[in-house]
Protein chains: 2
Amino acid sequence: MTKSNTAAVQPAEPAAKNQLFLGTFVHSKALTELEYLHNAAVCVDRSGVIVAVERDCDEVKARATLLPRLGWDEAEVKLVIAKEGQFFFPGFIDTHLHASQYPNVGIFGSSTLLDWLNTYTFPLEASLADPAKARRVYSRVIRKTLAHGTTCAAYYATTDVASTNLLADLCLAAGQRALVGRVCMDQLSPSYYRDSSPESAVAATLASIEHIRRADPTFTLVRPVITPRFAPACSFALMRQLGELAAATQLPVQTHISENRREVALVAELFPPSATGARDASYAALYDAAGLLTPRTILAHAVHLTEPEAALLARRGCAVSHCPCSNSALTSGAARVRWLLDRGIVCGLGTDMSGGFSPSVLEAARHAVLVSRHVAMGVAGGGSRGGDEKAAEKKESESESEEEKERAKLSVEEVLFLATRGGAKVVGLEGKVGGFDVGMEWDAQLIGLTMVDDAGGGGVEDEDGDAGNVDVFGWESWPDRIAKWLYNGDDRNTKRVWVKGRLVHERK
Amino acid sequence: MTKSNTAAVQPAEPAAKNQLFLGTFVHSKALTELEYLHNAAVCVDRSGVIVAVERDCDEVKARATLLPRLGWDEAEVKLVIAKEGQFFFPGFIDTHLHASQYPNVGIFGSSTLLDWLNTYTFPLEASLADPAKARRVYSRVIRKTLAHGTTCAAYYATTDVASTNLLADLCLAAGQRALVGRVCMDQLSPSYYRDSSPESAVAATLASIEHIRRADPTFTLVRPVITPRFAPACSFALMRQLGELAAATQLPVQTHISENRREVALVAELFPPSATGARDASYAALYDAAGLLTPRTILAHAVHLTEPEAALLARRGCAVSHCPCSNSALTSGAARVRWLLDRGIVCGLGTDMSGGFSPSVLEAARHAVLVSRHVAMGVAGGGSRGGDEKAAEKKESESESEEEKERAKLSVEEVLFLATRGGAKVVGLEGKVGGFDVGMEWDAQLIGLTMVDDAGGGGVEDEDGDAGNVDVFGWESWPDRIAKWLYNGDDRNTKRVWVKGRLVHERK
C-alpha cells in the first residue's frame, strides 16, 4: 500500500475480510447521469466483489438485517464509514499513459508531436534500460497515479523487456490494476532506441507476455497489451505481425492514431495503400490492413479522423482514449468526443503523460470539459477565429449551429462517466469495474472535500493536514459539490483508494 | 498572517526588521526571458523595499561585506534562506476576480455569460449583503488567494457598500495588496440586485472610496477602484458619471469588455451611437464615449475585439486582464493574447473567479499557455474544425500560417511574465512590484518542489506533510523545473508569501 509521502511502493494489503462500506456513494448510471446513493451500504466480499448494495441503511440496520442475510459473521467484517460530506466514487481508469515518460511531465516547450518525440521522449525512454532508474521512475508513477485515484492504468513502458516486466511486477506489488505494454518500434526512431527487426520486436513482446503470465497467471490484476508505438515508428511487417499476435492471443492492443496533422500526412506518405493492401491511405485503413483494429484495441487521440475512419473504428469495435491535456499542450488539435460518441465509438480518458502534463484523470476530465467547449467554439461563430466575424454573421444557419455548439459540450456527468465506466469499457473491463453494481469489483476511492467554517477557515472537520482546494460552504447541492470537485479537486481529496477490495492508498 | 488550515484571516506580521534573503531567485527580465539568480542575496529594509540584490553571495559574505555596506546591524537582521532546490519568485498579481463569487467556483453547468449571471451569480452576490456571510466568504477568498501566492488582487465586491468596505478591511488586516471595487449596475440585472439610479450608484462608490481612504490614507496596500460592472448592466448616464469620477479622482477603473458574442451584440443593440455620441457601435467606442478608457483602466476578457477597438485601447493606454479559465469554462472564446500584445496593449492574467474555476494565478498561467495553443489551432488548419480539412490543404498559404500559428503560442516564460510584471503594469504598480529589482517592494513567494528519492519516494527533503505534485528527479535544468512547476504546481509548492516585506502566509 502506498501512503502519501512515505517512500516508494509497498505491497497492497490483502483484503482478508468481508467489508461493509457505509455512507454516500456516487457513480455513473449512464453517460449523462450520476446516481447518488445516500445512507447506503455496500458489501464487498473477501474476493473484492460487491455482493450487496442497500439503500436506506445505517450500521445498526446493516448489522441487524444485511449481514445476517449474507451469512457474514459481524465480528469478522471490516467496517468503513464515509464521514459526513465524504463520498465513495469509482476508481478512475487511465486509458493511456507512458509510465516511462513520467519524469518529463510539463516539459515540452513549444514542440509538437514529432519533434517532441526526438527532443524529449526517446532519450528518456531509452535511459530506462537502467534497472535502478526504471525502478525509481515506475515506483513513482504507480504511487502518484494511485494517489490520484487511478485504480487501473493502460501503461506504455519502453522497448526494454526487463524494465517493462519490472513495471508489471511493481503494479502487482502495489495492487494497481494495469495493462502493461512493451513498446514496439522498428523505424523512424533514433538508432539507439529501436527494434532491430519485426521478429525481434515480436519476440520481445512474447517475452514480456510470458513474464506477466507467470506473475499473474489469470491476468486478474495485470494484463499484457500488444503495443505498436504508432504507425510512423513501425514497419508494416511489424504491424502485421503484431496484428497476427493479437488474433492468436486475443490480448488487447494499444497504439496511437491521428494525433497530429503532420503525423497523419506522414502516415499517408510512408504507407501507400499499394504497399499494404489497405483500402485507402487513411490511418485507420492502414491499421485495419495490419489486423490491429480489434474489439480489444485502444486508440489514443483520434483527433483528426475522417468520417470513413470513424465508421471503420465503430465497425471493428475499437475504443478511443481521449487525452485532452496532451492534445492542447502539444497543439495537436481538439478531439471531437461528441462526434466520436455519436458514431458509436467507445471513449475513455487518458492522461497521456508526458504529452499530457498531469498524472490526474480528474484533471483530464476537467480538460475534457474545457476542450469540448473549444470544439464548440470552433463550430461556426467561435471566438478563436482571429477576428473573422463573417461566419458569426451568417444568421440563416445560426440557430442550427447554436444547437450543434451546445451538443459539442461535455457535461460534468459525461466526463466522469468517461473517467470510470467509459474507461472500463475501453480497457475491456466493462461490467467488472467502473461502478457500484452487485457483481462488480470494489475499485473505489473515498473523496473528502473541505467544509468551510463560519469564520472562513477550513479543514476543521478533516484530520488531514491539508484538505485541498474544494471549499464547500454547506448550501451546495450534491451535483454542485461534484462540479466543485471536478474543477478544483486534486489528490488531497482522494483520502483512500481500493482495488479489488484491497486498500492500496491512504492519505496520512 | 494566514496559515494553511488554521481559521480565517489574521493580521499580517509587521516587518519590524531589515531582512536578508539568500538562495535562488527567479523573476522576469522581459516578456520572453526569466532571470535565474543563484547563490544570491536580496536585502529588504524595514519598509519592505529591496535595497540590494547581490550575486555570488552567501551568508558569510553577506555578513562580511553586504550588511556593513548597508549599515545594517547584523544582530537585527532577519535571515531567510531558501533550501536547496527552493527559489524565490515574485508574488502573483490577479488582475480580475470577483471575491463575492468565490463560493460558486466550479458551478456553471453548461451556461454562457448572460444566463450564468442570472442563474448563479446575481443571487449569490445579493446574499452577501448579510455581513456574517460576507465576512465568511471574503475571509476565505483572501486566505485562499494568499495561499496560492497572490500578493495583489483586483477585486470586484458587490453593490453593497458595507460588505465592500469589509473586504477592504480584511485585505488590510491580512496584508494583501488589493484594488477593491464596489460594483455599479443600474439596469438589466434583477430588481433585487440593482442600483436605483446613476446618482445612488455614484454616491455608494464615493462612500466606499472614503472608507478605504480612512483605512489606508495613502492607498499603500489597498486602493479603491471605480467599477461599472459591464456595459449591459449600466445605463449610459451611469457609465458617464463614473467616467467623470475617474477623471476627477484619477482612481483606477475596472470593468469587462467583449467577453461573449451575444454580449457584444447586446451592447450594440442597447447603446446605439446616436444615443451616446460614440463614434461607432463597438463596445470600446461606447466606453470611450463614457470616459471610461483611461491609462488606469483594467478591461477583463477582450476576447472578441476588432482591430479598431484594439487600436483605441492602445491609444488610451488601457490594460487587458486575460482570463483563460473563465473564457473556456463559459464558452466565451479564446482571447488572442499575442494579437493584443502585438498591438501594444498591456496584458496581465486574471482568475476571474467564479467565471473562472480556480483561485490560482499559476493555473491561469497554465491555461493561458493552453488557450494560446487553441488560438494557434484556430489559425488555418486547426484540428477543432469539425472534420473540414479544406483549409489545411491550401498549401500555398501553409508556411505563412504555420508561422502565424507558432507566434500565437505563449511560452512558459511569457505567461509567468504576465502573472507578475505584466499584472503589475495592469494594476498600476509597474516598477513597484512584480520583480526583484532594487527599489521595488518585496512581494514574493518561496517555492519548493518535491525531490524524488532513489526509491521513487518523495517529500523526503521537505518537512511539509504533503509536498504536492511537482516531482524533480534531479537531472532537470532550471527552466525545466520552472516548466514543471507551471504545469503541476499548486498551493502546496508555495511555502511562504510576503507582501511589502511582511510575511502574510506560511504553510504549516
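This is a predicted model: local features need pLDDT of at least 70, side-chain atom pairs count only at pLDDT 80 or more; totals for chains, interfaces and linings use all residues.

Trainee: What makes chain B and chain A partners in contact here?

Mentor: The cut-off is heavy atoms within 4.5 Å. By that rule, 90 residues of chain B touch 91 residues of chain A. Between them the two chains bury about 7100 Å², with 48% of that on carbon and sulfur atoms. On the chain B side, B:Arg136, B:Arg261 and B:His374 lose the most area, together 10% of what that side buries.

Trainee: Why is the pair B:Glu402 and A:Arg262 called a salt bridge?

Mentor: The test asks for a side-chain nitrogen of Lys or Arg within 4 Å of a carboxyl oxygen of Asp or Glu. Here the closest N and O atoms of B:Glu402 and A:Arg262 are 3.1 Å apart, so the pair qualifies under that cut-off. Across the interface of chain B and chain A, the rule finds nine salt bridges. It also finds 38 residue pairs in polar contact, both residues at pLDDT 80 or more.

Trainee: Which elements give two or more residues to the side of chain B that touches chain A?

Mentor: In chain B they are helices H3 (131–147), H7 (261–270), H11 (324–329), H13 (361–378), H15 (398–408) and H17 (478–488). H13(B) supplies the largest share, 11 residues. Sorted by class, that side of chain B has 28 nonpolar, 34 polar and 28 charged residues.

Trainee: How do you know that the two copies are related as by a two-fold rotation axis?

Mentor: Look at the superposition: chain B goes onto chain A with an RMSD of 0.0 Å by a turn of 180° and a shift of 0.0 Å along the axis. The copies are thus related as by a two-fold rotation axis.

Trainee: And how do you know that the copies meet through the same surface?

Mentor: 100% of the interface residues of chain B are also interface residues in chain A, so the surface is the same for both copies.

Trainee: What makes up the two domains of chain A, and how far apart are their centres?

Mentor: Domain 1 covers 2–90 + 434–506, and domain 2 covers 92–426. Taken over C-alpha atoms, their centres are 30 Å apart. Still, 46 residues of domain 1 are in contact with 30 residues of domain 2, and the two domains bury about 3100 Å² between them, 63% of it on carbon and sulfur atoms.

Trainee: Why does A:Asp443 with A:Arg177 count as a salt bridge?

Mentor: The closest N and O atoms of A:Asp443 and A:Arg177 are 2.7 Å apart, and the limit is 4 Å, so the pair passes. The count between the two domains of chain A is three salt bridges. There are also nine residue pairs in polar contact across that interface, both residues at pLDDT 80 or more.

Trainee: Why is the bond between A:Met353 and A:Ser354 called cis?

Mentor: Its omega is about 0°. Most peptide bonds are trans. A:Ser354 lies in the loop between strand S16 (346–349) and helix H13 (361–378) of chain A. In chain B, a cis peptide bond joins B:Met353 and B:Ser354, also with omega about 0°.

Trainee: What makes A:Asp56 worth a mention?

Mentor: A:Asp56 has a phi near 45°, a positive value in a residue other than glycine. Most residues other than glycine have a negative phi. A:Asp56 sits in the loop between strand S4 (50–54) and helix H1 (59–70) of chain A.

Conventions: Residues are numbered from 1 along each chain as its sequence is written. Chains are lettered from A and ligands numbered from 1 in the order in which they are written. Side-chain values use heavy atoms; hydrogens and water are left out. Buried area is the accessible area (1.4 Å probe) that two parts lose on being put together, summed over both. A polar contact is a pair of N or O atoms within 3.5 Å; within protein, one must be able to donate a hydrogen and the other to accept it, and residues adjacent in sequence count only if both atoms are side-chain atoms. Helices (H or I, at least four residues) and strands (E, at least two) are DSSP runs, numbered from the N terminus. Ala, Val, Leu, Ile, Met, Phe, Trp, Tyr, Cys and Pro count as nonpolar, Asp, Glu, Lys and Arg as charged, and the others, Gly among them, as polar. Copies are superposed by least squares on the C-alpha atoms of residues with pLDDT of at least 70 in both. Domain bounds come from an automatic or database domain assignment.
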